[in-house]
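Trainee: I would like to go through the charged pairs here and the terms used for them.
Mentor: Go ahead, one term at a time.

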Amino acid sequence: MITYLTQQLHLPLVEASNLLTNFMGTAAFTPVFGAIIADSYAGRFWTIAGGGTLYQLGMLGLVVSALATALRPAPCAAAALSTPTCQRANDGQLAVLYLSLLFTALGSGGIRPCVVAFGADQFGVGGRRPGGEQKWSFFNFYFFTMGLAVLLALTVVVYIQENVGWGWGFGIPAIAMFVSVLSFVVGYPLYVRVRPGGSPFVRLVQVIVAAIKKRKEAVPEDAGMLYQNKELDAPIAADGRLLHTNQLRFLDRAAIVTTTDAVDSGAEPDLWRLATVHRVEELKSIVRMLPLWAASITLIAAASHNFTFAIQQSRTMDRRLTPRFEIPPASMIIFTTLTMLVSLSLYDRVFVPLARRYTGRQSGISYFQRMGAGLAVSVLGVLAGALVEGKRRRAAAEHGLLDSPGATVPISVFWLVPQYALHGVSDALSTVAHMEFLYDQSPESMRSSSAALFWVAGSLGNYLGTLLVMVVQSASGGEWLQDNINRGRLDYYYWLVTFLMALNLAYYIVCFHFYTLKSFDVEGNGAQRRQDDGEGQSRSAERETELDTGRIGASKNSE
């Protein structure tokens with residue numbers, strides 16, 4: 001897309017980068033609305049089907065935009081000087097592009113938060129269906145398959161876009177999307193379809209409103225005096241009710257029973273005035289997760305330049321693989337995808353068995369450690385980018401190419417491979433661990449919505465990347481980030497991001513140190529509290545389900 005925006009629609013690099021980053025941010029934020037619709041009204045199947053249809057319409061819009069000459073500017077006019085004259089796309093042409101991208105973003109909102117949860121639904125609650133023990137393999141398989149799809153896009157599709165035409169380049173993904181949606185809908189009779197059980201976000205708001213209404217009430221010292229209702233919580237607590245914690249005690253006011261609540265009448269209480277301890281603890285669990293969840297935002301912001309500035313770097317470098325074949329600039333991201341796929345395989349097959357010998361954990365290491373390792377590797381990835389860009393720019397200066405942005409700098413594009421590869425390793429470590437953390441530590445009834453938080457982090461990360469570019473552009477007076485990157489100081493930008501990523505890693509370590517895992521009661525069998533396991537965290541005192549993907553899960557009511 002960055003190539004299409006700059007080479008076909010003739011947008012300046014910074015404007016095209018911000019447009020693309022904002023689009024990715026919007027597409028990552030719409031899953032919040034998709035999760036609400038799926039949990040509250042439509043269910044996951046119809047939300048996926050509707051999202052797929054909207055995405056299909058967006059892809060068709062891109063195909064029409066690429067094929068119709070009236071929807072894109074004329075080719076650049078040749079000039080006697082080194083820089084040709086290019087007419088920027090007009091407002092009408094950009095409007096068609098924006099509308100098409102909007103439809104794909106809305107479609108993503110229906111697909112992304114539901115696909116993982118819908119796949120897990122096929123194994124049943126708690127894995128109590130044949131093959132249910134393979135539920136966590138499904139999560140790994142999901143990310144691995146997504147990586148394969150990206151690999152296909154970055155090789156076959158990008159090559160067609162660069163060498164055949166953008167009509168076919170957008171047309172092939174549009175056809176693939178049509179086949180995907182059709183095959184999904186045809187499987188309707190085969191699926192387990194969980195009925196929507198009401199939006200978890202409404203329950204969170206109810207707890208907040210109830211706590212505010214009772215803000216003048218004194219929180220009792222004895223937590224046993226707070227409101228409990230097993231029957232009311234049963235549909236949202238199949239794995240067991242969450243136990244009371246002493247954190248965020250202001251929210252406990254929502255569970256204080258007053259004379260006006262009339263809980264002894266047998267009728268369901270007014271949930272906007274009185275909440276159970278379990279529902280209060282649902283909100284507390286979400287609040288405790290947010291600081292660690294926020295650490296992934298900076299990680300995504302740092303990686304966003306791989307889809308923009310790094311592609312522009314590769315366009316100026318020697319991309320010859322053979323005397324007659326050049327690697328398309330956008331295909332350089334293939335090294336991130338390949339490294340991620342290889343790393344995912346080696347992690348489960350090699351690293352986990354090796355780590356298990358030293359840690360005694362079935363999973364090798366916890367997902368907290370896995371996320372931390374991913375953040376550390378990402379720092380190295382941005383650092384490598386800074387060093388390589390400095391080398392590329394020096395080569396351009398040595399050969400007198402600072403004012404020739406279209407010339408090929410005599411330095412191999414494979415110098416960019418280390419930064420792409422390191423980001424791939426980081427993705428394999430942090431992305432899957434991030435999803436595991438959200439799924440395991442979110443309240444049971446909110447696991448389908450936890451995927452939305454995963455994508456919201458991506459949204460905020462991309463917006464943060466845009467904000468960072470804008471701030472750097474303003475503070476540097478446009479010197480650092482120029483259309484002519486030979487004259488710009490992209491290496492300075494990379495050094496700044498490296499520093500921010502190092503700070504983010506320190507922030508994550510502090511949050512990890514103070515984080516406490518959720519605890520709950522299983523069918524009245526007593527507290528399943530998690531105690532210190534030697535890693536600054538707590539674990540189940542009585543039992544814990546250890547999963548073969550390297551994850552320590554919450555205590556279950558079935559094994």
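Trainee: What makes Arg 319 count as buried or exposed?
Mentor: Its relative accessible area is 13%. Buried means under 20% relative accessible area, exposed over 50%, and partly exposed in between, with a 1.4 Å probe and protein chains only. Arg 319 is therefore buried. Keep in mind that this is a predicted model, where local features need pLDDT of at least 70, side-chain atom pairs count only at pLDDT 80 or more, and totals for chains, interfaces and linings use all residues. Residues are numbered from 1 along each chain as its sequence is written, and side-chain values use heavy atoms, with hydrogens and water left out.

Trainee: Why is the contact of Glu 326 with Arg 319 called a salt bridge?
Mentor: The term requires a side-chain nitrogen of Lys or Arg within 4 Å of a carboxyl oxygen of Asp or Glu. The closest N and O atoms of this pair are 3.6 Å apart, so the pair qualifies. Glu 326, at 42% relative accessibility, is partly exposed.

Trainee: How many salt bridges does that rule give?
Mentor: The count comes to 10.

Trainee: Which residues are linked in a network of salt bridges?
Mentor: Arg 249, Asp 252, Glu 281 and Lys 284 are. Within it, Asp 252 and Arg 249 meet at 3.8 Å, N to O.
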